[in-house]
Amino acid sequence: MAPAALLSRQLRQWCSPVTDKKSFSDLGAADPTTEPFWQACLEGRLIVQRCESCGVHQFYPRPFCLSCESGALEWVDASGTGTIYSLTTVRIPVSEELVPPYLLALVDLDEGPRLLTNIEAAQACIGDRVAVAWRARDGLPPLPVFKPAGR
Ligand SMILES: [Zn+2]
């Protein structure tokens, strides 16, 4: 078996407990901490947690604040804009939904949290401004991805 095909098969096996879930209710029931995030995605809203004690924003969702350990967290709408912190082009197929080549990036939201995401563009650069876009998925909430801002 070719190395790329073997890697792809192994990744599918490793990821199957997550990616085989095709219903949103399964996702929400599996993790109540992240359910508000996915509900907002259904409405086309990108939300992040904000600590009511120290004001720090965080993502991904957690049951307490990473800055001060307070459990008083609220969900707030993010601006949906940010800056590419790091970027790479994926050229090896790892899932059937993502056909290489595609851009994988760390995006710093204007509110502060850093997201691992995709950039929907042929090219992008570290430091580029980006805005949230929504990738439709069959049987799952839309996934927040990013596109170059102003295009
Ligand atoms: Zn805090």
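I began with Ala131 and found its place in strand β7, strands being DSSP runs of E of at least two residues and helices runs of H or I of at least four, both numbered from the N terminus. The model I am reading is predicted, so I noted that local features need pLDDT of at least 70, that side-chain atom pairs count only at pLDDT 80 or more, and that totals for chains, interfaces and linings use all residues. Residue numbers start from 1 along each chain as its sequence is written.

Leaving aside neighbours within four places in sequence, I found Ala131 in contact with Gly80, Thr81, Phe146, Lys147 and Ala149, contact being defined as C-beta atoms, placed from the backbone, within 7 Å. I also noted 8.1 Å between the C-alpha atoms of Ala131 and Gly150, which are 19 residues apart along the chain.

**Entry: the partners of β4**

Thr81, one of the contacts of Ala131, also stands opposite Ala131 in β7. Strand β4 (residues 81-90) and strand β7 (residues 129-137) run antiparallel and are joined by three bridges, where two strands pair if DSSP finds at least two bridges between them. I then followed β4 to strand β5 (residues 102-109), with which β4 pairs in the antiparallel sense over eight bridges, and there the bridge partner of Thr89 is Leu103.

**Entry: the three-stranded sheet**

I next traced an open sheet of three strands in the order β2-β1-β3, with antiparallel pairing. At its edges stand β2 (57-58) and β3 (73-77), each with a single partner strand, so one side of each is left without a neighbour in the sheet. Strand β1 (residues 47-51) is largely enclosed by the rest of the structure, because four of its five residues are buried.

Between β1 and β2 I found two bridges in the antiparallel sense: Arg50 has His57 as its bridge partner in β2, and Gln49 has Gln58. Five residues lie between the strands of this hairpin, where Gly55 takes a positive phi near 85°.

**Entry: Asp77**

Asp77, which lies in β3, is exposed, because 11 other C-beta atoms lie within 10 Å. Beyond four places in sequence, I found Asp77 in contact with Arg45 and Ile47, and the C-alpha atoms of Asp77 and Glu111, 34 residues apart along the chain, are separated by 9.8 Å.

**Entry: the whole chain and its confidence**

I counted three helices and eight strands in the protein, and from the N terminus on the elements run α-α-α-β-β-β-β-β-β-β-β. Of the 151 residues, 14% count as buried, while residues 24 or more positions apart account for 47% of the contacts with a separation of 6 or more. The average pLDDT is 85, and 79% of the residues score at least 70, pLDDT being the predictor's confidence in each residue, from 0 to 100. Over residues 10-23, pLDDT stays under 50, and I found that the model has five contacts beyond four places in sequence for them.

Terms used:
A residue is buried if 20 or more other C-beta atoms lie within 10 Å of its own, exposed if 12 or fewer, and partly exposed in between; C-beta atoms are placed from the backbone. Two residues are in contact if their C-beta atoms, placed from the backbone, lie within 7 Å.
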